[in-house]
Structure formats: structure tokens, C-alpha cells
Amino acid sequence: TQAFFKPITNAAPPSTTKQHTKISVIGVGNVGMAIAQTILTQDLTDELVLVDTNADKLRGEMLDLQHAAAFLPRTKIHASTDSSITAGSDLCIVTAGARQIAGESRLNLLQRNLSLFRAIIPPLVSHSPDTTLLIVSNPVDILTYVAWKLSGFPSNRVIGSGTNLDSSRFRFLIADHLDVNAQDVQAYIVGEHGDSSVALWSSISVGGVPVLSFLDKQQIPYEKETLENIHKSVVDSAYEVIRLKGYTSWAIGYSVANLARSILRDQRKIHPVSVLAKGFYGIDGEVFLSLPAQLGRGGILGVTNVHLNLEETQRLVDSAKTILDMQIQLGI
Ligand SMILES: NC(=O)c1ccc[n+]([C@@H]2O[C@H](COP(=O)([O-])OP(=O)(O)OC[C@H]3O[C@@H](n4cnc5c(N)ncnc54)[C@H](O)[C@@H]3O)[C@@H](O)[C@H]2O)c1
Ligand SMILES: O=C1N[C@](c2ccsc2)(c2cccc(Nc3ccc(F)cc3)n2)CC(O)=C1Sc1ccccc1Cl
């Protein structure tokens with residue numbers, strides 16, 4: 001049969017130095033698929049691998065994504081229930097996990113996800129000894145610690161999505177309040193992901209103008225609780241989304257794909273992510289908490305020395321103690 005293409009004479013072989021990027025997403029539920037879809041639309045990888053224990057769901061999601069090929073940058077998409085397919089991944093994003101059953105205690109959810117991680121992490125890292133782990137499953141701070149211990153990796157290559165989603169909701173709410181673009185709002189929520197996170201008021205700046213001084217200069221009276229209310233809305237909005245649609249996907253999908261871009265494209269951007277917090281702000285236990293960290297090809301490149309006031313420092317230390325106690329209680 002006539003070949004589709006007439007061969008080009010004296011064509012040079014492809015460059016061997018070009019790095020082939022491979023991302024694996026473990027868990028193809030609401031969160032994993034939102035992340036996978038965003039990675040494809042943003043052309044972040046040459047190869048996307050999906051892993052899950054639910055074989056039918058896994059194959060269905062792979063086929064459904066492959067069928068979108070005519071509208072996406074060319075990306076090889078593979079899937080298997082066998083994690084050996086992840087071999088040689090540059091980044092492994094873990095969203096696998098049991099979702100909290102209504103009324104289930106956080107400890108019980110943690111115990112269920114802990115046993116899952118004991119099955120997931122060791123084979124993952126044996127197939128990709130040089131990968132970076134990006135943990136999303138909840139409770140994310142403790143499970144990032146578990147992934148670090150199980151992997152034996154240096155802590156710079158084990159990252160938790162932490163308060164990245166909290167901070168993106170915080171930025172949206174501030175931007176909406178001030179009627180500006182959320183990309184021009186710099187604001188960090190740090191510490192423990194979820195209900196006990198810590199909003200850094202002094203870190204908020206819009207177009208380079210620190211908000212607190214902006215409000216002072218404009219003599220705009222702001223009660224402390226106004227700012228507290230915006231932080232409370234971050235927590236309330238998570239519960240509202242769950243109440244209304246039963247899960248969250250799009251914001252976590254975009255926020256985790258944004259982390260993947262910073263890592264794989266060596267952006268050296270600063271994100272609030274869950275890092276080994278030992279040695280910062282008087283924390284001496286081996287706990288993962290979110291702090292503004294610089295992300296690049298090597299994972300965590302550095303952690304910023306952001307100024308915390310006494311109250312913020314105390315809340316961070318309290319979170320560290322709560323998490324450490326939970327880790328000790330579980331014997332991990
Ligand atoms: N960190 C955050 O900001 C954040 C935000 C939203 C959700 N989450 C967490 O993400 C996790 C996933 O949420 P979801 O809505 O996608 O849940 P989901 O139930 O829709 O998906 C979980 C997937 O994990 C799979 N799975 C279970 N055991 C597995 C194993 N051993 N190996 C591979 N896959 C396995 C399941 O088959 C399922 O497809 C939850 O823990 C949730 O709390 C975290
Ligand atoms: O947007 C979410 N959705 C979840 C969710 C997704 C599927 S089922 C529940 C959510 C929503 C509401 C509460 C809640 N609590 C929680 C339970 C166990 C944990 F280990 C961690 C959090 N979790 C999971 C989660 O972490 C988030 S972010 C979030 C949660 C609570 C407070 C503030 C934020 Cl920014």
C-alpha cells in the first residue's frame with residue numbers, strides 16, 4: 001500500500017536530549033479526572049498514565065479522554081490497574097482514597113486511606129525512583145507525611161497539595177470582594193489544610209499593594225472579623241460545594257495542574273503547599289504543613305521565610321502538635 005507520507009531524504013534522527021515528560025495520576029475519581037483533563041488541555045506532558053483499582057471505570061475514563069484527541073495537543077494516554085505502567089514518571093499525582101462517609105471521623109478516614117497508601121506508595125516509587133510525589137488524598141498533610149516515610153525519598157520530592165486549594169478559594173473571594181482579577185491577588189493560607197488553616201493577612205497584596213495598608217490609607221474601616229469572615233467563607237464554601245454537588249473537582253483540578261506546571265516546567269514559582277515543616281517557626285516534629293514554597297523540576301526548591309505574627313505562629317505550632325499526636329496515635 002502507498003505510504004501516507006513520502007519519506008524526507010537525509011532526515012536527521014530525533015534529538016535524544018529532548019526530555020520525554022510522563023505524569024501518572026493514581027485514582028481516577030472526581031479529583032483525579034479533573035486533574036488529568038486540565039493537564040491535557042494545558043499540554044503539560046508528553047505521556048499521561050492513569051491508575052485505579054476499578055478496572056471498568058479506569059478503562060472508560062481512558063477511552064473517553066482518548067476520544068477527545070482531535071481537540072487536544074497530542075498526548076499519549078495509557079491506563080492500567082497495574083502500577084508498573086507508571087515506570088519512569090516525572091511526577092506521580094496521588095488522588096486515590098476513600099471519601100469520608102457521612103459522619104465518619106477524620107481518624108477513621110485516615111486509617112482507611114493509610115492502608116491504601118501502604119499498598120500504593122511502595123510499588124509507585126520502586127517503578128519511578130526519581131519521581132516527585134504530589135499527594136492530594138485527604139487528610140492531605142498526614143498522608144503526605146505517610147507517603148514521605150513509605151517512599152524513603154528526600155523531603156523535597158514529596159509534596160502535598162495542602163492549602164493550595166484553600167488559598168485559591170481565598171484569592172477568588174478577595175478578588176470578588178474587590179472586583180479585581182484573582183490572578184492579581186496574592187494571598188496565602190498556610191498550615192493545616194481544611195478547617196484549621198491559617199490565613200496570613202499581612203501576605204495579602206493586590207497589584208503589589210498590601211491590602212491592610214491599602215485599607216488604612218483609604219481610611220476604609222475594616223474590622224478584624226471582616227477578614228476573618230473571608231477566611232471563614234473559604235471553609236464554608238468547601239462545605240457548600242459538597243452539599244450542592246457531593247464532591248469537588250474543578251478548583252482542585254486546576255490548582256493541582258498549576259502545581260504540576262510549576263514543577264515540570266521548572267517555573268520556580270511560589271505556592272502554598274504541604275512541606276516537611278520541621279525546623280520552621282519552632283516546629284520540631286516531623287510533620288507536613290503548608291508554607292509558601294518555591295517549586296521547580298527538583299520539587300521543593302526552597303521555603304520562604306514569610307513573616308508570621310505571634311497568633312499565626314501559635315496556630316501553626318498548634319496544628320503541628322495536633323498532626324503529630326495523630327501520627328503517634330496511628331503509630332506511623
Ligand atoms: N487536598 C485537597 O484540597 C482535596 C480537595 C478535594 C478532594 N480531596 C481528596 O481527594 C481524594 C479523592 O477525592 P474524589 O472525590 O476523587 O474521590 P473518588 O471516590 O471520586 O475517587 C477516588 C478514586 O480512588 C480509587 N482508588 C481507591 N483505592 C485505590 C487504590 N488502592 N489504587 C488506586 N486507586 C484507588 C477509587 O477507585 C476511586 O476511583 C479524597 O481523599 C478527597 O478528600 C482533596
Ligand atoms: O473542597 C473540599 N472537598 C472535600 C471533599 C471532597 C470530596 S468529599 C469531601 C471536603 C469538603 C468539605 C469538608 C471536608 N472535610 C474534610 C474531611 C476529611 C479530610 F481529611 C479533610 C477535609 N472535605 C475535601 C477537601 O479537602 C476540600 S478543601 C476544604 C475542606 C474543608 C475546609 C476547607 C477546604 Cl479548602
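Colleague: Let's start with one residue. Where does Asp 43 lie?

Modeller: Asp 43 sits in the loop between H1 and strand S2, which covers 47-51. Keep in mind that this is a predicted model.

Colleague: On to the ligands. Which residues come nearest to ligand 2?

Modeller: Gln 100, Asn 138, Pro 139, Arg 169 and His 193 come nearest, out of 17 residues around ligand 2.

Colleague: How far is the His 193 side chain from an oxygen atom of ligand 2?

Modeller: An N or O atom in the His 193 side chain is 2.6 Å from an oxygen atom of ligand 2. For Asn 138, a polar side-chain atom lies 2.7 Å from a ligand 2 oxygen. With Arg 169, the distance from an N or O atom of the side chain to an oxygen atom of ligand 2 is 2.9 Å.

Colleague: And how much of the accessible area of ligand 2 does the protein cover?

Modeller: Ligand 2 has 640 Å² of accessible area on its own, and the protein covers 90% of that.

Colleague: Which helices each supply at least two residues of the shell around ligand 2?

Modeller: Those are H3 (106-127), H5 (164-178) and H7 (224-245). H7 gives the most, with four residues.

Colleague: How do the residues in that shell around ligand 2 divide?

Modeller: Seven are nonpolar, five are polar and five are charged.

Colleague: Now the other one. How many residues surround ligand 1?

Modeller: There are 24 around ligand 1, and the closest are Asn 30, Val 31, Asp 52, Val 136 and Asn 138.

Colleague: Which elements give two or more residues to the shell around ligand 1?

Modeller: Helix H1 (30-41) and H3 do. By class, the ligand 1 shell has ten nonpolar, twelve polar and two charged residues.

Colleague: Back to Asn 138. What kind of peptide bond joins Asn 138 and Pro 139?

Modeller: A cis one, with omega at about -5°. In general, most peptide bonds are trans. Pro 139 is in the loop between strand S5 (132-135) and helix H4 (140-151).

Colleague: Last topic, helix packing. How do the axes of H5 and H8 cross?

Modeller: They come within 9 Å and cross at roughly 115°, with H8 being residues 250-264. H5 and H8 are therefore roughly perpendicular to each other. The crossing of those two, H5 and H8, is right-handed.

Colleague: And at roughly what angle do H1 and H8 cross?

Modeller: Roughly 50°, where the axes of H1 and H8 come within 8 Å. That angle makes H1 oblique to H8. H1 passes H8 in a right-handed crossing.

Technical notes
Residues numbered from 1 in each chain as written. Chains lettered and ligands numbered in written order. Predicted model: local features only at pLDDT ≥ 70, side-chain atom pairs only at ≥ 80, totals over all residues. Heavy atoms only, no water. Near = heavy atom within 4 Å. Polar contact = N/O pair within 3.5 Å; in protein donor to acceptor, adjacent residues only side chain to side chain. Areas by Shrake-Rupley, 256 points an atom, 1.4 Å probe, with all protein chains shown as cover. Nonpolar A, V, L, I, M, F, W, Y, C, P; charged D, E, K, R; others polar. Axes fitted to C-alpha atoms, helices over the stretch in contact; angles between N-to-C directions. Parallel < 35°, antiparallel > 145°, perpendicular 65-115°, else oblique. Left-handed = near helix turned anticlockwise from the far one by under 90°.
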